[in-house]
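Student: I would like to learn how to read a structure that is new to me, one feature at a time. Could you take me through this one slowly?

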Amino acid sequence: METILSVSHLCKDYPSFSLKDVSFDIKPGQIMGFIGRNGAGKTTTLKSIMNLVHYENGEIKAFDKDMTEFELENKQRIGFALSELNYYPNKSIRQLMNVTKRFYKNFDEKKFNEVCNLFNLDVNKKLEELSSGMKVKYSVAIALSHKAELLILDEPTSGLDPVSRDEILDIFRSIVKNGDRAILFSTHITSDLDKCATNITYIHNGSIIFTGEKKQFVDSYLFVNDKSKNKDLINEYIAYKELDDHIEGLIDISKKDLFVKNNINPVEPDLEQIMIYLERSHNNESFAL
């Protein structure tokens, strides 16, 4: 199996927003960060993958099988969670597990208890009593207990404190380390992706701007901090900020020598810097890939 998930030419129209020809693939062993501004189309894409919204055009396959034709079969192999668990808040984790396990042929209650112990999850606690981090761990515990090969998570680290986020990212890395599982998770916390993602899919206003290896994405750009405030180079930036004592911004890697010749040494950007300045660009033609 070369790909665990394949999304091809996905289109979805709303009155004020559209997904436009969204395509990307995820292979076993990959952690793909799905990034973009709020409202860019991340959650709509994830819901489309899981057939929770109807899309107009496109093809979605999981495990080489069409997600519409083989929906029930494929969902046995997928762990899916939206950004916030809010159903049955007065039920305990164990009660929720007893309901959930009925939907999965391969659910292993012993495995669930083992994972809960590993995550320090008290199965007698009610859902409303769990922190955001514990809710994410509960979702992962359910996924691992029915032997999910693909985890699809919407903003799993949003609202978590730094320690809890680091724990979740360690769990993600552990899940894929054997190379037989994959994770797709949407996020706007780009520092999480610096730590754990192997791949990036970047969506802007309903269109995919980039999909591929994280290293390839980062290596396409350089970050400039120009204390000389050289105005002759303004048009060479993808986007920039002019501050009191310097100009900073993002450039395409191909522009490096031009800046170096002017005694300006660009450096490797982090994902947050790339995202901020790509979003500051006035149009898609300014994106350098």
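**Reading the sheet, a helix and some single residues**

Tutor: Let us begin with a hairpin, in which β1 is joined to β2 through 4 residues. Please keep in mind throughout that this is a predicted model.

Student: How many bridges join strand β1 to β2, and do the two run parallel or antiparallel?

Tutor: As a general idea, the strands of a sheet pair through backbone hydrogen bonds, and the pairing may be parallel or antiparallel. Here strand β1, residues 5–13, runs antiparallel to β2, and 6 bridges join the two.

Student: In what order do the strands of the open sheet lie?

Tutor: The sheet has 4 strands in the order β2-β1-β4-β5, with antiparallel pairing. The edges are taken by β2 (18–26) and β5 (65–66), and because each has a single partner strand, one side of each is left without a neighbour in the sheet. At the β5 end, strand β4, which covers residues 57–62, pairs with β5 in the antiparallel sense over 2 bridges, and K61 stands opposite D66 in β5.

Student: Which residues of α1 are buried?

Tutor: A residue is called buried when its relative accessible area is under 20%. In α1 the buried residues are K42, T44, T45, L46, S48 and I49. That makes 6 of the 8 residues of this helix, which covers residues 42–49, so α1 is largely enclosed by the rest of the structure. After α1 comes N51, which has a positive phi, near 60°.

Student: What is L150 in contact with, once its neighbours within four places in sequence are left aside?

Tutor: First place the residue: L150 lies in strand β7, residues 150–154, and it is buried, with a relative accessible area of 0%. Its contacts beyond those neighbours include I4, L5, F63, R77, I78 and G79, and also A182 and L184.

Student: Where do E155 and K229 lie, and what is the phi of each?

Tutor: E155 lies in the loop between β7 and α6 (162–176), and it has a positive phi of about 50° although it is not a glycine. K229 belongs to the loop between β11 (221–226) and β12 (239–242), and its phi is positive too, at about 55°, although K229 is not a glycine. As for accessibility, E155 is buried at 12%, whereas K229 counts as partly exposed at 24%.

Student: How many helices and strands are there in the chain, and what is its radius of gyration?

Tutor: The chain has 10 helices and 13 strands. Its radius of gyration is 21 Å, which agrees with the value near 19 Å that a compact globule of 289 residues would have. Along the principal axes, the C-alpha trace spans about 65 × 40 × 35 Å, and 50% of the residues count as buried. If you take the contacts between residues at least 6 apart in sequence, 67% of them join residues at least 24 apart.

Student: How many positive and negative side chains does the chain have?

Tutor: There are 37 positive and 44 negative side chains, and the centres of the two sets lie 5 Å apart.

Methods. Residues numbered from 1 in each chain as written. Predicted model: local features only at pLDDT ≥ 70, side-chain atom pairs only at ≥ 80, totals over all residues. Heavy atoms only, no water. Rg over C-alpha atoms; globule rule 2.2 N^0.38 Å. Buried < 20%, exposed > 50% of the residue type's maximum accessible area, 1.4 Å probe, protein only. Contact = heavy atoms within 4.5 Å. Lys, Arg positive; Asp, Glu negative; His and termini not counted. Charge placed at Lys NZ, Arg CZ, Asp CG, Glu CD. Pairing = 2+ DSSP bridges.
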